[in-house]
Amino acid sequence: MPRPEQARDATEFVALLRQVKESCGFTYRELEQRAAARGDVLARSTLANALARDALPRAELVAAFVRACGAEGGEGAQVEKRVEEWLAARERIAACKAVPVSRVEPSGEREEAQGVPQRGRSRVATAVATIAALALVGVATWALSATGSGTDEQQTGRDTERQSDANTAAGIPDGPVRLRPVQSPALCLTDGFVRDGRYKSHVAVHRACSQATPPVTDLVPAGNETYHVRWRHPEHGEGCLKARTSGAARGLLEPWEMCAAATRFRIQRAPSGDGDPRAYVLRLDTGQCVAAARATPDEGTEATFRPCDGSRGQQYVISGVPKTG
């Protein structure tokens, strides 16, 4: 029987939940039905997504899932006791402050795993890292020199992009925003479901701006002049848009609880003289841009991403949310 108190992090916690799923023997559809019979909400697509990731699931999902499984065959008070054990383990893991990977030198991670104290290796690790960095700088300098006359053009392009990023940051409103497609400015990018029903979880769609809140949309700096598109919902919590490239959600933008694993967008001004000066494109690092699934989006049209082409179909007006009252 999986014991949640043995889980040390989110990855191990979810792995144990997968074991529960296997041991109880129910399909996702059956679990959804069993949860509904108990008065819980447990969408099978949401559960499948949660068990496929290594992120910590929401507490209500964990509780509904354990109840639906019947706590591996138990009933009544035994089920609720197991639910409390799983929620306690989840709360313990959520309370732990993980050290960001970017702060730890890779060599340090290996040494710490072998029991070498952090303090005793910091200077050595720094020296090694410095030497390696200098070597990389030398290689990079040689590579740039070898490119010849094209280097000036590349540098000019980088300078122009940095200036564009700076102009973008200055033009983005503070606080909640609306993302309105230039082709249908009465619509806003918000949450909804795909029209053909192939995917059951929330995704990004276009709906009338008057009906688009909640969730509240924010553009959150994600480093290196990129942004997360974050949604804040009173029932579903926070999530940042992730460009899905596989499975039933392929080509869609889905809110993920783990914003660190979500897509980073480079927000760039649309070509000058092409309409509203507040028009931007949301560019992925793959060279693709956010766009509506149809040339002129209407109510419920899904958001997708395709190779950037500078067209108006890939442009969004970014404006602040009007204050009420």
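**Note on the disulfides**

1. C188 and C209 are both buried, that is, under 20% relative accessible area, where exposed means over 50% and partly exposed lies in between (1.4 Å probe, protein chains only). These two cysteines form a disulfide, with sulfur atoms 2.1 Å apart; a disulfide is a pair of cysteine sulfur atoms within 2.5 Å.

2. The model is predicted, so local features need pLDDT of at least 70 and side-chain atom pairs count only at pLDDT 80 or more, while totals for chains, interfaces and linings use all residues. Residues are numbered from 1 along each chain as its sequence is written, and side-chain values use heavy atoms, with hydrogens and water left out.

3. The structure holds 3 disulfides in total. When the bonded cysteines of the chain are numbered in sequence order, the pairing reads 1-2, 3-4, 5-6. In general terms, a disulfide is a covalent bond between the sulfur atoms of two cysteines.

4. The link of C188 and C209 is right-handed, with 95° about the S-S bond. This pair connects distant parts of the chain, 21 residues apart: C188 belongs to strand β2 (residues 187-192), whereas C209 is in the loop between β3 (203-208) and β4 (216-223). Helices (H or I, at least four residues) and strands (E, at least two) are DSSP runs, numbered from the N terminus.

5. Because C240 lies in strand β6 (residues 237-243) and C259 in the loop between β7 (253-256) and β8 (266-269), the pair ties together parts that are 19 residues apart in sequence. C240 has a relative accessible area of 1% and is therefore buried.

6. C289 is joined to C308 by a disulfide, S to S 2.0 Å. The torsion about the S-S bond of C289 and C308 is about 100°, so this disulfide is right-handed. The pair links distant parts of the chain, 19 residues apart, with C289 in strand β10 (residues 288-292) and C308 in the loop between β11 (303-307) and β12 (316-320). What are the relative accessible areas of C289 and C308? C289 is buried because its value is 1%, whereas C308, at 24%, is partly exposed.

7. Two further cysteines may be recorded. C24 is buried, with a relative accessible area of 15%, and C69 is buried at 4%.
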